[in-house]
There are 2 protein chains.
Amino acid sequence: MKTIYFQQPIEIFSAAAAVGSLENEGLIGPFADTHSPDDQFGANTWEMAETEMVRQTIDLALKKANLSPSAIDVILAGDLLNQCTATAYGALPFHRPYIGLYGACSTFAEGLYLGSLALESGHYKAACVTASSHFSSAERQYRFPLEYGCQRTPTAQRTVTGAGAALLGLCEKKDPAMRVCAALPGRMIDSGVTDANNMGAAMAPAAADTLLTYFWESNTSPDDYDLILTGDLGAIGADLLRELCADKGVTLGNEYKDCGLEIFDPSQDVHAGASGCGCSAVYVCGYLKKIWNDSPLSDVLLIGTGALLSPLTVQQNHTIPGIAHLIRFSKTEI
Amino acid sequence: MKTIYFQQPIEIFSAAAAVGSLENEGLIGPFADTHSPDDQFGANTWEMAETEMVRQTIDLALKKANLSPSAIDVILAGDLLNQCTATAYGALPFHRPYIGLYGACSTFAEGLYLGSLALESGHYKAACVTASSHFSSAERQYRFPLEYGCQRTPTAQRTVTGAGAALLGLCEKKDPAMRVCAALPGRMIDSGVTDANNMGAAMAPAAADTLLTYFWESNTSPDDYDLILTGDLGAIGADLLRELCADKGVTLGNEYKDCGLEIFDPSQDVHAGASGCGCSAVYVCGYLKKIWNDSPLSDVLLIGTGALLSPLTVQQNHTIPGIAHLIRFSKTEI
């Protein structure tokens, strides 16, 4: 594994987030750019509602930057639906070169990594990265149709209804900016977890592997960062990550947070927290980008986490590999 | 859209292909590196057979180059299964940074584009690109379980049981090499096709869009290339591409071929031809790379084609967007 330090001044220069109704009532609500009171976004299926979130966030991110779609050199994007169709249909109207990704819930970080590499190559000026998920489309695909009214286990997380779109470009040297200064794509770690209702446990070892490798390669420690943010480990996975790091002598303190615990208010009873491609995408595009310039944050690590299972591999009793990709944001040149 | 001309001397320095039994009896048979007489590759499910193909091709490509997995900086890979699990489990044992892709049957070209961008960034020495598909895992996921014995329509194509792995690296200036000298990622084109048994028709307009854009941007014509190769348009899609190009005054002559018509022998009765992520991957990694150095081919276009549908979007009566990414191979520096 090898941390990439980008030589080009890459930044997220515009971003937008769309969320569902429960998310809007939660911690992220005041920061989202748009929401749907019935989670449908005007569509007549949950899948097309997710599509509409993707379309709206790209559109909003472009409008905020006062750009037309032609300014985007490439769209790098994905979601959780089979064959990533929410993203494909959502990106279709923009008529730009399109690269579909599947990184489970790590997709947003994966897109930031690839988008930054694309800009680093020197050939591009702007890349658009999106990731989305929808509670209702995910439940019926991964678990049970909502109409069944199934109970969820205490370890289960609630898939975020939300999408985030980020426009990456070359920074014009006016700090503060939300720079993508480094990235470390992770390897899969399979710790033998087979419980599809405990994804935090499946993903935490991969998050630990990437984060500890990053600290080792960069010769830094948690104290060196204002915020260390995992994607969607949830309550159980976040505790496990703290333990796995402590085992290696690395203490994650108050600077460590998990996006899965920052979307919903604890009173909303979503069991072990939030999850889904939309979780970290909404947190970064909706919240972090908005507060960035005026906040005391100047050096932040995002570790996008994903569980690489499918309903079929669960039925076939396979273990669940986890993956985690690290992105480092900085306010000024490092 | 914008064609990228790579400044770094990027080449496919090693490749390997695995195929199933019918493929082995077809045109590609003599060139594949390994095959399974029962399509199972020693696994007890079709999905794990596909996984095993991915694993074996990466392993073989590394062995041919006399490299250990640690030489790979990043694996960029995907397949057609829900949540791309064949690729995840197949790449898992190599323990390298892993980036999952979903580009439907355009995945191999998508991976070559991203892998080349990664090398172009200057941070990497070697990237591994794989794509795979399996007739039996695809049939039960996209259409019907084989046990039903359903008849297929004349426009249907047969999903290739096959995987290809390519190792991309920086060329050490000893020509001839299989260089990746240019790439043009495509945009989605939705022409309103809703027949999931006629993917050639859904993909041909995207192939035409990318190919015609490339000719226009590069100020070249079909005559300038020794071979123009689409991914898996099949008989119907390939004819349609010829027509769409002719409408714009561009004549595709004998230099034009479709991988979907080069895998099986016509006597094998696979209706409109071959398809699947494995189709172009097997053709390029199994055949093209093997004959490359001693062949008269010196300038070749690959247009990886994909149909961005899912069984659910078909049930919901959505149209099928197509996509096509172009990769230009050259034998010497251009």
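Contact here means heavy atoms within 4.5 Å. Keep that in mind as you click through this structure, which is a predicted model.

**Stop 1: a leucine in chain A**

Select A:Leu288 and show what surrounds it. Leaving aside residues up to four places away in sequence, A:Leu288 touches A:Met178, A:Leu227, A:Leu229, A:Tyr283, A:Leu297, A:Val300 and A:Phe329. Now widen the view: the largest nonpolar core has 166 residues, and A:Leu288, A:Phe329, B:Leu288 and B:Phe329 have the most contacts inside it. There is also a second, separate core of 33 residues, with B:Met1, B:Ile189, B:Ala196 and B:Ala201 among its members. In soluble globular proteins, nonpolar side chains tend to be buried together.

**Stop 2: a covered strand in chain B**

Next, select residues 299–307 of chain B, which form strand E13. How many of the nine residues of this strand are buried? The count is nine of nine.

- Strand E10 of chain B (residues 227–230) runs parallel to E13(B), joined by four bridges. Here, look for B:Ile228 opposite B:Leu301.
- Strand E14 of chain B (residues 322–330) pairs with E13(B) in the antiparallel sense, over nine bridges. Here, B:Val300 stands opposite B:Phe329, and B:Phe329 is one of the core residues from the previous stop.

**Stop 3: where the chains meet**

Show both chains and select the residues that touch across them: 60 of chain B are in contact with 60 of chain A. The area buried between the two chains is about 4,800 Å², and carbon and sulfur atoms give 63% of it.

**Stop 4: the cysteines**

Finally, color the cysteines. How many disulfides does the structure hold over all chains? The number is zero. Take B:Cys285 as an example: the nearest cysteine sulfur belongs to B:Cys128 and is 8.9 Å away, whereas a disulfide needs the two sulfurs within 2.5 Å. Is B:Cys285 buried or exposed? B:Cys285 is buried, because its relative accessible area is 1%. B:Cys150, at 41% relative accessibility, counts as partly exposed.

Methods: Residues numbered from 1 in each chain as written. Chains lettered and ligands numbered in written order. Predicted model: local features only at pLDDT ≥ 70, side-chain atom pairs only at ≥ 80, totals over all residues. Heavy atoms only, no water. Buried < 20%, exposed > 50% of the residue type's maximum accessible area, 1.4 Å probe, protein only. Core = buried A, V, L, I, M, F, W, Y, C linked by side-chain atoms within 4.5 Å. Helix = DSSP H or I, 4+ residues; strand = E, 2+ residues; numbered from the N terminus. Pairing = 2+ DSSP bridges. Buried area = accessible area lost by both parts, 1.4 Å probe.
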